[in-house]
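Student: I'd like to learn how to read a structure feature by feature. Can we take one and go through it together?

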Amino acid sequence: MMSTVETAFHTYLDLMQLYADYAAAVDAEHWSKWIDFFTEDCVYKVQPRENHERGFPLATLALLSRNMLKDRAYGIQETLFHDPYYQRHVVGVPRILKHEGDIIEAEANYSVFRTKLSQETTVFNVGRYIDRIRITPQGMKFESRLCIYDTEMIPNSLIYPI
């Protein structure tokens, strides 16, 4: 039987793995894997910091269920036309804010770099994730992922998830 310290350590390792796997899936454009990181009833928002801090609901992107995530993934793959680019996430070490039962509230800083073909890499988006994570029999899943970006401006358009 594991001690409380061992259990907390393994939970933290699982959380770090969740963040790393999420970034890897999005960077590799594995959209079906991206959907699998979320519970059925989930919230995924990309929102400017100013709106979040003032309690304003306006978000650049707001997906309010797993079905909406599926629609977004379908749109990325089948209907959206844009200049192709790669993105690469650098995610800071997550900080657990609260852990009660099978729910973890955590946050981590992130930066997303974008590389268009035959162009220099640029900083695309920087901010922090504010997450509510449920521990399920299938592993940790996001119930809510808020991507709170620091600037009010996003260059061009937001195609891929943050």
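Student: Let's start with Y44: which residues is Y44 in contact with, leaving aside its neighbours within four places in sequence?

Tutor: Contact here means heavy atoms within 4.5 Å. By that rule, and with neighbours within four places in sequence left aside, Y44 is in contact with Y22, W34, F38, L61, A62, L63, L69, R145, C147, P161 and I162. Before we go on, this is a predicted model, where local features need pLDDT of at least 70, side-chain atom pairs count only at pLDDT 80 or more, and totals for chains, interfaces and linings use all residues. Residues are numbered from 1 along each chain as its sequence is written, and side-chain values use heavy atoms, with hydrogens and water left out.

Student: Which residues touch the most other members of the largest nonpolar core?

Tutor: A nonpolar core is a set of buried Ala, Val, Leu, Ile, Met, Phe, Trp, Tyr and Cys residues joined through side-chain atoms within 4.5 Å. Buried is under 20% relative accessible area, exposed is over 50%, and partly exposed lies in between, with a 1.4 Å probe and protein chains only. The largest core has 37 residues, and Y22, W34, F38, Y44, I133 and I162 touch the most other members. Two or more residues each come from α1 (4-27), α2 (31-36), β1 (38-48), β2 (61-63), α4 (66-79), β5 (103-116), β6 (121-136) and β7 (139-149). The largest share, 6 residues, is from α1.

Student: And how many helices and strands does the protein have?

Tutor: Elements are DSSP runs numbered from the N terminus: helices are H or I with at least four residues, strands are E with at least two. That gives 4 helices and 7 strands. From the N terminus on, they run α-α-β-α-β-α-β-β-β-β-β.

Student: What does the radius of gyration tell me about the protein?

Tutor: You compare it with a globule rule, 2.2 Å times the number of residues to the power 0.38, and the radius is taken over C-alpha atoms. For 162 residues, a compact globule would come out near 15 Å, and the protein has 16 Å, which agrees. Along the principal axes, the C-alpha atoms fill a box of roughly 55 × 35 × 30 Å. Buried residues are 43% of the 162. Among contacts with a separation of 6 or more, 58% are between residues 24 or more positions apart.

Student: How do I read the surface and the charges?

Tutor: Accessible areas come from the Shrake-Rupley method with a 1.4 Å probe, and for residues only the protein chains shown count as cover. The protein exposes about 9400 Å², with carbon and sulfur atoms supplying 53% of it. For charges, Lys and Arg count as positive and Asp and Glu as negative, while His and the chain ends are not counted. Each charge is placed at NZ of Lys, CZ of Arg, CG of Asp or CD of Glu. There are 17 positive and 22 negative side chains, and the centres of the two sets lie 2 Å apart.

Student: What should I look for in phi?

Tutor: Most residues other than glycine have a negative phi. Here E29 has a positive value, near 60°. E29 lies in the loop between α1 and α2 and counts as partly exposed because its relative accessibility is 33%. S118 is not a glycine either, yet its phi is positive at about 60°. You'll find S118 in the loop between β5 and β6; at 84% relative accessibility, S118 counts as exposed.

Student: Where is I96 found, and which residues does I96 touch beyond four places in sequence?

Tutor: I96 is in strand β4 (residues 95-100), and it's partly exposed, since its relative accessible area is 33%. Not counting residues up to four places away, I96 touches Y12, L15, I104, E105 and A106. Of these, Y12 is 84 residues away in sequence, with 8.4 Å from C-alpha to C-alpha.

Student: What about H82: which residues does H82 touch?

Tutor: H82 is in the loop between α4 and β3 (85-91). With residues up to four places away set aside, H82 touches I159 and Y160. At 28% relative accessibility, H82 counts as partly exposed.
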